[in-house]
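Visitor: Please put the model on screen, and then take me through how its features are read.

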Amino acid sequence: MEQKNHSGRFITFEGIDGAGKSTHIQFVTDLLRADNRQVVVTREPGGTVLGEKLREMLLHDKMNLETEALLMFAARREHIAEVIEPALQRGDWVISDRFTDASFAYQGGGRGLDLHKMRQLEEWVHPHLQPDLTLLFDVSPEVAQARLEAARSPDKFEREKSGFFNRVRDEYLRRAKEFPDRFRVIDSSRSIEAIRETIKGLIGELG
Ligand SMILES: Nc1ncnc2c1ncn2[C@@H]1O[C@H](COP(=O)(O)OP(=O)(O)OP(=O)(O)O)[C@@H](O)[C@H]1O
Ligand SMILES: Cc1cn([C@H]2C[C@H](O)[C@@H](COP(=O)(O)O)O2)c(=O)[nH]c1=O
């Protein structure tokens with residue numbers, strides 16, 4: 001495990017679109033606040049004024065794949081400097097709806113960008129920062145798609161076909177195997193109640 005130079009905790013939520021991340025972020029936030037923790041809830045791309053502007057472009061405009069990856073990491077650099085690092089230094093718990101694993105899964109796995117380039121960007125943008133815990137909400141693209149269709153109109157990523165989401169899912173699962181210390185894979189095809197029980201146990205382990 002990497003050496004930490006802060007007293008806070010950094011938890012990331014990952015999974016394909018519609019896997020259920022947002023649903024459970026609220027639950028975890030309530031759980032931690034009830035335990036008197038200071039919690040900062042944020043998201044990627046986004047989380048800062050500049051990052052939210054980049055999010056609009058990233059989710060709605062057509063662009064070159066490398067431009068997409070670079071803008072994801074540009075938004076992330078701002079997010080780390082303005083939100084994540086200051087919060088961790090204060091000793092807060094940071095909950096982020098996605099982080100760098102999403103770039104590996106979507107731009108790497110989904111769209112086929114060379115993972116070596118992604119590792120170089122990661123090394124540049126946050127050489128010493130990794131989540132303490134990454135909750136990977138794992139579900140088939142078919143189930144996720146059915147949930148999303150019932151919930152809202154799709155953005156650029158959500159309009160992709162199931163082949164794309166199968167590749168995204170595979171890359172997430174590959175990373176979960178590569179980094180078993182921080183990843184916990186949650187079977188997100190279960191009921192919301194059953195998933196909450198699993199999450200409670202996992203958060204408890206962080207202390
Ligand atoms: N375990 C579950 N069982 C049934 N429905 C669920 C479950 N989890 C979430 N949902 C529903 O599925 C929809 C998508 O969930 P949610 O917005 O939490 O997904 P998400 O992973 O945050 O998606 P995105 O990454 O696209 O923002 C919502 O309508 C939510 O109520
Ligand atoms: C951080 C990050 C995100 N994405 C994609 C994944 C999702 O389709 C959207 C974000 O939408 P959400 O409803 O907030 O999940 O962006 C990506 O492709 N690469 C990334 O690094």
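**Burial and the loops**

Visitor: Is Asp181 buried or exposed?

Guide: Asp181 is exposed, because 10 other C-beta atoms lie within 10 Å of its own. A residue counts as buried if 20 or more other C-beta atoms lie within 10 Å of its own, as exposed if 12 or fewer do, and as partly exposed in between, with C-beta atoms placed from the backbone. This is a predicted model: local features need pLDDT of at least 70, side-chain atom pairs count only at pLDDT 80 or more, and totals for chains, interfaces and linings use all residues. Residues are numbered from 1 along each chain as its sequence is written, while chains are lettered from A and ligands numbered from 1 in the order in which they are written.

Visitor: Where does Asp181 lie among the helices and strands?

Guide: Helices (H or I, at least four residues) and strands (E, at least two) are DSSP runs, numbered from the N terminus. Asp181 lies in the loop between α7 (162-178) and β5 (183-187). The C-alpha atoms of Asp181 and Thr12 are separated by 14 Å, although these two residues are 169 residues apart along the chain.

Visitor: Where is the cis peptide bond?

Guide: The cis bond joins Glu44 and Pro45, with omega about -15 degrees. Pro45 belongs to the loop between β2 (39-43) and α2 (49-60).

**Fold and core**

Visitor: How many helices and strands does the protein chain have?

Guide: The protein chain has eight helices and five strands. From the N terminus on, the order is β-α-β-α-α-β-α-α-β-α-α-β-α.

Visitor: What does the radius of gyration say about the chain?

Guide: The radius is taken over C-alpha atoms, and the globule rule is 2.2 Å times the number of residues to the power 0.38. For 207 residues a compact globule would come near 17 Å, so the 16 Å of the protein chain agrees. The C-alpha atoms fill a box of roughly 40 × 40 × 30 Å along the principal axes. Of the 207 residues, 37% count as buried.

Visitor: Which residues have the most contacts inside the largest nonpolar core?

Guide: In soluble globular proteins, nonpolar side chains tend to be buried together. A nonpolar core is a set of buried Ala, Val, Leu, Ile, Met, Phe, Trp, Tyr and Cys residues joined through C-beta atoms within 7 Å. The largest core here has 30 residues, and Val94, Ala105, Leu135, Leu136, Phe137 and Val168 have the most contacts inside it. Helix α4 gives the most to this core, with four residues. Apart from it lies another core, of seven residues, including Ala69, Met72, Ala75 and Leu121.

Visitor: Which residues is Leu135 in contact with?

Guide: Two residues are in contact if their C-beta atoms, placed from the backbone, lie within 7 Å. Beyond its neighbours within four places in sequence, Leu135 is in contact with Ile11, Phe13, Arg184, Ile186, Ile199 and Leu202.

**The ligands**

Visitor: How many residues surround ligand 1, and which are the closest?

Guide: A residue is near a molecule if its C-beta atom, placed from the backbone, lies within 6 Å of it. Ligand 1 is surrounded by 15 residues, the closest being Asp17, Gly20, Ser22, Thr23 and Arg147. At least two residues of this shell come from each of α1 (21-34), α6 (141-151) and α8 (192-206).

Visitor: Which residues come nearest to ligand 2?

Guide: Of the 13 residues around ligand 2, Glu44, Ala102, Ser103, Tyr106 and Phe157 come nearest. Helix α4 (residues 100-110) gives the most to this shell, with four residues.

Visitor: Is Ile16 buried or exposed?

Guide: Ile16 counts as buried because it has 32 C-beta neighbours inside 10 Å. Ile16 is found in the loop between β1 (9-15) and α1. Setting aside residues up to four places away in sequence, Ile16 touches Pro141, Ala144, Phe165, Val168 and Arg169.
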